[in-house]
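Trainee: I have a model to go through. Can we start with its surface?

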Amino acid sequence: MTTLNLDQKAAQYAQKMVINAEGTKDVKKPIDTLERLVTKTLGVLQEQGVYAAILFLYSRTSDEAKIAPAIRCSLFRLMQDREKNHELYPFKDKSVPTDDADAETALAFYSGTVCNDLDTLLLVKDLYEQTLIYARYGAKAAGNELAAI
């Protein structure tokens, strides 16, 4: 049996966030908006917790509302990863929110499953924090590349 490398998963899903945000239409500067929103979300996560971070992502308006699904989807998919028959242990038999989940469904999952167990909550918080840090750096790097063109 192989070991699940959560840091690698965080990096992979952070890259997906940046790629998904770059393809967002109707946003003047999607990478700048992503970097700003990821930074805000990271702050909410660190100060208020996992539930507040997800709620924050559902509460965005304007350009941030168009970028927020790229972040939410990557965070949801991170918990569903089944590569090489691995799943994050606490969610093996749970119904993790899908990309198009509405706020009520997603928040019910987080309050009933993630926040219900301290070990699970700390695992998700650490994993999301690392993913968002990588996404912030990735957005910064992508923004610098675009500025150089």
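Mentor: Accessible areas here come from the Shrake-Rupley method with a 1.4 Å probe; for residues, only the protein chains shown count as cover. This is a predicted model: local features need pLDDT of at least 70, side-chain atom pairs count only at pLDDT 80 or more, and totals for chains, interfaces and linings use all residues. Residues are numbered from 1 along each chain as its sequence is written, and side-chain values use heavy atoms, without hydrogens and water.

Trainee: What share of the accessible surface of the chain belongs to carbon and sulfur atoms?

Mentor: The accessible surface of the chain is about 8300 Å². Carbon and sulfur atoms hold 49%.

Trainee: How many helices does the chain have?

Mentor: Helices are DSSP runs of H or I, at least four residues; strands are runs of E, at least two; both are numbered from the N terminus. The chain has 0 strands. Its pattern is α-α-α-α-α-α. The number of helices is 6.

Trainee: At what angle do the axes of helix H3 and helix H4 cross?

Mentor: Axes are lines fitted to C-alpha atoms, for helices over the stretch in contact, and angles run from 0 to 180 degrees between N-to-C directions. The axes of H3 (residues 50–58) and H4 (residues 62–80) come within 9 Å. They cross at roughly 145°.
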